[in-house]
Amino acid sequence: MRVQERLKQYIEGEIAAGNLHPGDRLPSLRNLTEILGGSYVTMRSAMEKLRKDHVVVVNNTGSYLSGTNKIRVRLNIIGSDLSIESMKRLLNKHLANTELYLDLDIHENGEIQTLAHLKKIRNSYSAVLTIDSAIHSSDDHLPAASLKEFSDYREHLSRLKISEGRNFESALPFINGTAAMGVNTKLMEKIGFDFRKITSDFEWWEEYVEKCRYHNLPPSILHWDRKHLFLISSFFRLLLSLCSYSPEKYFGKEPLFRTPGGRRFLKILSDVKFVESPLPASTGFFRNETPFLFQIGTWISVQNKNPAYPGIAVDSLEVIPYRNKNGSVFYLQNCTVLEAWFRETLVREERKRVWNLMKIMTSRDFQLDYCRETGQISPLKDIYPTEYYWNRDGRWNAFFPAPDDKLFYQHQLFNRNITGILSTLLELYVFQHIDAETILTQFDLKKSFPKINK
């Protein structure tokens, strides 16, 4: 083995043993020669090569392990999940003794709105980490870095649940979001409807709507933010329950919407009260103004009646999972990822520090803390449902898939382009009252728009 390789292994071994930290002085060249063998000249040459690779810093007083230079890193987070202050507190806790020497600057990812803003970020930071949906546009984020360069990348990725059809060479799964039907049992009792009749075939819907109208209650209220929400994404689970999944129907020539299930889909939506307003909304289901919501996320477990989240106060909440026509439960998850961008001038040692931050943020301890505050579900394989603080008594087991349940990921159904097209058509039906058959025909024409997922 060459002297340079022996020297590098020695340094890595001392780091792993906790004997060497960033900024620590290394033994002299003569001492290293005695420890590792070789000549003084070859040892000096080996040290010079490690200096050029930024593994060590060499000056008149000796050689030192590098890693104490601060790296400016921007972290873009989903502010509706966790506030900037809460994320700072969480990171301070988990980075207390890590010696990563990162200057972290935390922002909400919705702030990036123009290419000029992206250019400014590129010039201001050495690295950017972004928590975001697995489906994104090429013009609203920085080009992702490859994580395959890190020797422990595959080992770390193997601990996380990976969704089919998604390339994780440039990102790590960060949070899996799921949802179920939401029921206000007190309001159900008020209108005289037994919520235990609720099934995913929606055969109960007409009876339920009649009772709601008799008591002057809307069957369901959906708050919709025109700028930030694809309307159809609020009804993907309803669509799957009425039009069971098959590749030929969802991506091929076989009709998906011009079917009894598709027609029923639009008919049910015609009974919904749509309110255009910025999110989060402080009325509707979350203020006990309607008995039913088509989908509600696990976040309700920590936000309902929480003073930190005013406007969310459902008196008596039950969640009911969606089922296929054969009665089996299915789950549609949205995979949020942690993606990295590195400036071209960032050297390997510096990139590794950012990678270590990504590993910490997808570690068991950090994920349990993050999920405790947000009510979310981690992609880590070794966390059981009752380990989540908000589900320690099994209160929310309906949100967790059993081994035999069918699991879909949102990006497997429709990509961003198709979702946008279908949402526009649905808006025409809901708000402009375009003929249902015309919309259903257009739905089936557009559902097979070229599928381009990153």
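**Entry 1: the largest cavity**

I began with the lining of the largest cavity and counted 7 nonpolar residues, no polar and no charged ones. Here Ala, Val, Leu, Ile, Met, Phe, Trp, Tyr, Cys and Pro count as nonpolar, Asp, Glu, Lys and Arg as charged, and the others, Gly among them, as polar. The model is predicted, with pLDDT of at least 70 required for local features and 80 or more for side-chain atom pairs, while totals for chains, interfaces and linings use all residues. Residues are numbered from 1 along each chain as its sequence is written, and side-chain values use heavy atoms, without hydrogens and water.

I noted the lining residues as Ala179, Ala180, Pro321, Tyr322, Phe330, Tyr331 and Ala398. The volume is about 30 Å³, taken as the space filled by probe spheres set on grid points that are joined across faces, edges and corners. On a 1 Å grid over the protein atoms alone, a cavity is a set of points where a 1.4 Å probe fits but cannot get out, a pocket is an open set with protein on both sides within 12 Å along at least five of seven lines, and lining residues have an atom within 4 Å of a point.

**Entry 2: the second largest pocket**

I then looked up the second largest pocket, which holds about 880 Å³ of space. Its lining has 28 residues, and Glu12, Ile15, Glu349, Lys352 and Asn356 lie nearest the centre. The helix α13 gives the most to this lining, with 7 residues. By class I recorded 12 nonpolar, 7 polar and 9 charged residues.

**Entry 3: Ser378**

Is Ser378 buried or exposed? Ser378 counts as buried because its relative accessibility is 1%, where buried means under 20% relative accessible area, exposed over 50% and partly exposed in between (1.4 Å probe, protein chains only). I located Ser378 in the loop between α14 (364–374) and β13 (406–409). Its side chain makes a polar contact of 2.7 Å with the side chain of Gln367. Such a contact is a pair of N or O atoms within 3.5 Å; within protein, one must be able to donate a hydrogen and the other to accept it, and residues adjacent in sequence count only if both atoms are side-chain atoms. The side chain of Ser378 also reaches the backbone nitrogen of Leu380 at 3.0 Å.

Terms used
Helix = DSSP H or I, 4+ residues; strand = E, 2+ residues; numbered from the N terminus.
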